Each structure stands twice: as C-alpha cells, then as structure tokens.
Amino acid sequence: MTLNFDFREIATSGMILFAVIDIIGSIPIIIGLRTKVGHIQSEKASLVAACIMIAFLFIGEEILNLIGIDVNSFAVAGAFILFFMALEMILGITLYKDDVPETASIVPIAFPLIAGAGTMTSILSLRAEYHVENIIVAIVVNIIFVYIVLKSSKKIEHILGKNGISVIRKIFGVILLAIAVKLFAANINQLF
C-alpha cells in the first residue's frame with residue numbers, strides 16, 4: 001500500500017475542517033461553559049472528537065452503502081450544508097444551531113461542538129475527492145489546534161476581541177463558500 005501524501009490536499013482538507021469546526025467562532029460558547037462548570041477537560045474532548053472523526057472517515061461510507069446512498073450524492077448534500085454554514089458565517093445569521101448544553105463534558109464539546117453533523121458531512125465529502133491519509137493528517141492538525149484553543153480560550157478572546165473573531169469567521173466563511181461551490185461542481189456530474 002502506497003501513501004499519497006499531498007500538501008495541497010492536506011492544506012485544503014485542513015482549511016475546510018477548520019472552517020466547519022469553527023473553533024474560533026465557538027470561543028464564546030466554550031467560555032460560557034467554562035464559567036458554568038468551572039473546568040473543561042480539553043485533552044479528553046480533543047481525543048474523543050479525533051476518534052469520532054477518524055472512525056467516521058472509515059465507516060461513514062459503509063453506513064451510506066447500507067442505506068443505499070453513494071459518496072457523490074453525499075458530497076453534493078455536503079456541499080449544500082457547507083454552503084449554508086458559509087452563509088451563516090459571512091452574514092452573521094443563524095439558520096440552525098443546537099441549544100447550548102447544560103454541562104461541559106465530552107458530549108457538548110467533543111460532540112456536537114467539534115465533531116458535529118457539519119464536520120461528519122465534510123469528512124465524507126472530502127473522502128469523495130481526497131486521499132484518506134491526507135484527510136487524517138488534516139483532522140490531526142485541526143484537533144491539535146482545537147486543543148490549543150480549548151486550553152487558552154480566555155487568552156484568545158482577550159487578544160482577538162469580538163471584532164477579531166468576527167473578521168476571522170467572515171474570512172473563513174468566504175473560503176468555505178468557495179469550497180462548497182467547488183465540491184458541488186466536482187460531484188454533480190457523477191450523479192447523471
């Protein structure tokens with residue numbers, strides 16, 4: 001088995017996952033949870049999120065096959081989800097969000113905050129276009145970044161301020177929008 005490491009695939013996958021996970025945009029939620037509960041287990045949350053994402057990368061396609069959906073159809077559906085998430089980020093609107101959880105543990109942080117529905121959809125959409133090993137590297141890089149953000153969320157919020165966080169969200173929203181269009185265009189032809 002040959003490994004097909006490609007820096008461009010890793011960078012693109014990493015940016016997509018970074019935009020979808022939106023850990024910078026989640027800092028206010030994380031700070032709110034930290035205030036309510038007192039302590040967030042950053043290591044545990046990061047590790048569980050990584051395990052969920054990598055497991056879904058490998059068994060997600062089998063789950064789709066079980067219910068009779070091909071990866072290209074899922075990628076097109078994923079493109080729509082990414083499109084709407086990008087609109088939320090760019091326009092500062094909320095089309096859909098889960099309620100803020102009551103306690104800070106594995107459940108609200110690892111799932112669904114980090115490894116939520118958008119992340120799962122993105123992982124399978126990426127699988128339709130990129131090599132698995134590049135996606136795994138992108139997941140690991142993102143999880144390391146998530147861990148750093150969880151550990152130092154108060155400092156980051158203080159340094160960036162609300163305007164800084166807003167600008168970063170909008171920039172990644174535009175990138176995510178462009179990626180959604182590319183993902184749609186690349187997979188729509190395979191359906192007909």
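Predicted model: local features only at pLDDT ≥ 70, side-chain atom pairs only at ≥ 80, totals over all residues.
Trainee: Hi! How many aromatic pairs does the structure hold?
Mentor: There are 4 aromatic pairs. Take phenylalanine 80 and phenylalanine 184: their ring centres are 5.6 Å apart and their planes sit at 65°, so this pair counts as edge-to-face.

Trainee: Where in the chain are phenylalanine 80 and phenylalanine 184?
Mentor: They are 104 residues apart, so to speak in distant parts of the chain. Phenylalanine 80 belongs to helix α4 (residues 71-91), and phenylalanine 184 to helix α8 (residues 153-188).

Trainee: Which residues do ring pairs link into a cluster?
Mentor: Phe18, Phe145 and Phe172.

Trainee: New topic: is aspartate 22 buried or exposed?
Mentor: Buried, with a relative accessible area of 12%. Aspartate 22 sits in the loop between α1 (7-21) and α2 (27-37).

Trainee: What does aspartate 22 touch?
Mentor: Leaving aside residues up to four places away in sequence, aspartate 22 touches Leu17, Met89 and Arg169.

Trainee: Back to α1, then. At what angle do α1 and helix α7 pack?
Mentor: At about 45°, with their axes 8 Å apart. That makes α1 and α7 oblique to each other, and their crossing is right-handed.

Trainee: Which residues meet there?
Mentor: Among them are Leu17 and Phe18 in α1, and Ile139 and Phe145 in α7. The contact of α1 with α7 has 10 nonpolar, 4 polar and 1 charged residues.

Methods:
Residues numbered from 1 in each chain as written. Heavy atoms only, no water. Phe/Tyr/Trp six-rings, centres within 6.5 Å; stacked < 30°, edge-to-face > 60°. Helix = DSSP H or I, 4+ residues; strand = E, 2+ residues; numbered from the N terminus. Buried < 20%, exposed > 50% of the residue type's maximum accessible area, 1.4 Å probe, protein only. Contact = heavy atoms within 4.5 Å. Axes fitted to C-alpha atoms, helices over the stretch in contact; angles between N-to-C directions. Parallel < 35°, antiparallel > 145°, perpendicular 65-115°, else oblique. Left-handed = near helix turned anticlockwise from the far one by under 90°. Nonpolar A, V, L, I, M, F, W, Y, C, P; charged D, E, K, R; others polar.
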